[in-house]
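Subject: Structure to look at

Hi,

Here is the structure I promised to pass on. Please open it next to this message, and my notes on it follow below.

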Amino acid sequence: MNKIFSEISMDLKNEKTTCKALIDSYLQNIEKQKELNAFITVFDKEKLAKRAEQVDSKINSKSAGKLAGLVVAVKDAIVVKDERSTSGSRILENYISPYNATVIERLENEDAIIIGKANMDEFAMGSSNENSAYGNVLNPIDTSRVPGGSSGGSVVAVAADMSTVALGSETGGSVRLPASFCGVVGLKPTYGRISRYGLSAFASSFDQIGPIGNNVEDTALLTEVIAGLDSRDSTSANVPVPPFTDQITKGVKGLRIGIPKEYFGKGLDPEIESSIRSAMDKLSNDGAEIVDVSLPNTEYGIATYYILVTAEASSNLARYDGIRYTHRSREAKTIAETFVKSRSEAFGEEVKRRIMLGTYVLSAGYYEAYYKKAQKARTLIKRDFVDVFSNRIDCLLAPTSPTVAFKFGEKTKDPLSMYLSDVYTVNINIAGNPALSVPCGKNSENMPIGIQVIAKDFDEAMCFRVGHAIEKLV
Amino acid sequence: MSVTIDEVKKIATLANLEFNENELEKYTHQLNTILEYVDQLNKIDTSSVEATYHPIQYPDVFRNDDIKESLPIDKVLQNAPEKTWQYFVVPKVVGP
C-alpha cells in the first residue's frame, strides 16, 4: 500500500529516492490510469521536472521546507498561477489564473509540488462526479461505480496513487463523501479554518477547502500547513493552528464519544451500520466511553441545506456574465443576449437547476417562506451541535454515507435522490464544525465504508486523534 | 407550494438563463419535487428563532485604507473574451 509521507520524506533525506523519481512515478500512474479521468489538467512535464530538481537541490543543501517532495493534486476550483482553472465548467474552459490561492502559496513555501488540477463536479455541485463538463471520474475500486463528488478527481488521485495527497473543497460533504466511497481520509475543517482566497465560490457561508490523504498523518500534516488566518479572506479565523501531527497518537482513553442516534436510522445500509458499531466497540475496549446522544433537528438538514446553498450559488454565479473572464456566446447581439446566451450555452444542467432553485427561493413572495425559514432552521441545527458538545462530549462518531459508492446513472434522473446522498454530511456544514472521514472496513462487495469523527469548532486535533485510533484498530 | 411553467419562465429571466419548452417542463417538474420535499421545514416552529447567516461568528474585520499593489491590467484582462486597449468590449448599449 501507499507509503506515509514521513517515510517518503525520510527516503528523500537518505537519498533512497528523489523528487524527480517520485514525480516520474506519479506521472506514469496518471498515464496508466487515464480512463479514471481524475485530472482536468496535468502540469507540463518539463516544468514539473524543473520544480522537482529545485526541491531535490534544496533537500541536498538541507534547506528544504517540511513538505519537500509532497506531491499534491489540487481540485480544479482552486487557482494555481498561470495554470488553467475550469471549476469543472465549460464557462471557464480557457480561464488561466493570474494569481495563486493562499493554500497554494503555503504549500509551495514548504516545497510541496503541485502535479495538476483534479476533475470535479461543475462548480462543486454534485455528489457523484457525474456533473463535470470534462467527463465522469471513475471509482478506482470498481469502475462501474461513482467515486463520489464533488471532489471526485482529488480523491481518486490519492486512492489510485497519482499523488501523495490532494486538496478538495466542501460545501455539503464534497470531500468526506468521495473519501468514504474510495477508501481514503478527508477533512472538512471548521468554517474559517482555511483561507478560501483563490477558491471559486459556490455557497460562501459553507465553502471550505478540505485536505485529503491516504492516512490520517498525511492529512493532518497538510492541514497544519495550509490552515490559519489570512488577511485576504475576511472569514478566515484568527485562531491559532496547533501542530496537529504531534497529537494524533494520543489515543482515545478517557474520551467521551457521542453516538447521534439520528445517524443510525432508516436508510442506513446494515453492513455499514455493523462496521461502524464494531469500530465503536474497539474504541470502547481501548478506554473510550461511548455515549448515546441526540441531534433532534437532523432530519431538516437536507431541506435547509439545499435552500441556502442554491440561494447563495445563484448570487455567486451571477458573475459569469460572458464579459469579464468567461465564455461569450457567438449568437449574442445585445448586452442582454450576451448574459443569457453565454450562461445558457456554457452552464451544465445541475448548475442551471441550482441557479433556478436559488433564484426562486430568493424571489419576492418566497424569500420569507423558504430562505428566511431555512436560515432559522440553520440556527436550530447549529444549536443541536452546541448543546451536545456542551455536555462533556469530545467528539461524535457517525457513518459518512448511508450507502457505499453507487453505480453510474443510478441517481441522475432524480435530482432529489442524489441530494439525499448527503444526508449524513450536510448538517456538519450547516453547523460549521470540523469532521474527518476515515476508512472503516469494506462491505461484502469489497467497497470501502467511511466513518466520520465530528468535533467542536476548531478542534480538528480531536478529529485526527480519534481518526488515527480508528485507522489503527480497524 | 408549487410552481407553474410560467413562474419557471419568469425565474429563468431573473437568472439570465433561457430554456426550450422541453427543458421548461422538466425543470418545472423537478423544482416541484424539490420544493415539495423542502416544505417539511414548515413542521418546525421558528417563530422565536433568530436567523443564522454564518455558522461561526467573527468580529468585523477592519484594515487601513492603504494603497497596495494590484494585478497589472494586462493580467486582469487576459481572460476577457473580447478586449481592446485597457477595456472589456461589450455590445453597444444605448439606454432609452
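Predicted model: local features only at pLDDT ≥ 70, side-chain atom pairs only at ≥ 80, totals over all residues.

Strands S5 (residues 185–188) and S6 of chain A run antiparallel and are joined by 2 bridges; two strands count as paired if DSSP finds at least two bridges between them. Within this pair, Val185(A) stands opposite Gly213(A) of S6(A). S6(A) also pairs with strand S4 (residues 165–170) of chain A, again in the antiparallel sense, over 6 bridges. There, Gly168(A) has Gly210(A) as its bridge partner. Helices (H or I, at least four residues) and strands (E, at least two) are DSSP runs, numbered from the N terminus.

Residues are numbered from 1 along each chain as its sequence is written, chains are lettered from A and ligands numbered from 1 in the order in which they are written, and side-chain values use heavy atoms, with hydrogens and water left out.

Now to the interface. On chain A, 69 residues are in contact with 50 residues of chain B, where contact means heavy atoms within 4.5 Å. The two chains bury about 5,500 Å² between them, 66% of it on carbon and sulfur atoms; buried area is the accessible area (1.4 Å probe) that two parts lose on being put together, summed over both.

The rule finds 5 salt bridges across the interface of chain A and chain B, each a side-chain nitrogen of Lys or Arg within 4 Å of a carboxyl oxygen of Asp or Glu. One of them links Lys43(B) to Glu299(A), with the closest N and O atoms 3.7 Å apart.

Which elements give two or more residues to the side of chain A that touches chain B? They are helices H9 (301–316), H10 (335–346), H11 (349–362), H12 (367–389), H13 (415–419) and H14 (426–431) of chain A. H12(A) gives the most, with 13 residues. By class, that side of chain A has 32 nonpolar, 19 polar and 18 charged residues. Here Ala, Val, Leu, Ile, Met, Phe, Trp, Tyr, Cys and Pro count as nonpolar, Asp, Glu, Lys and Arg as charged, and the others, Gly among them, as polar.

A few backbone details may also interest you. Arg392(A) is not a glycine, yet has a positive phi of about 50°. Arg392(A) lies in the loop between H12 and strand S9 (395–399) of chain A, and counts as exposed because its relative accessibility is 61%. Asp82(A), also not a glycine, has a positive phi of about 65°. Asp82(A) sits in the loop between strand S2 (71–75) and helix H4 (102–109) of chain A, and its 39% relative accessibility is why it counts as partly exposed. A cis peptide bond, with omega about 10°, joins Gly149(A) and Ser150(A).

Best wishes

Terms used: Buried < 20%, exposed > 50% of the residue type's maximum accessible area, 1.4 Å probe, protein only.
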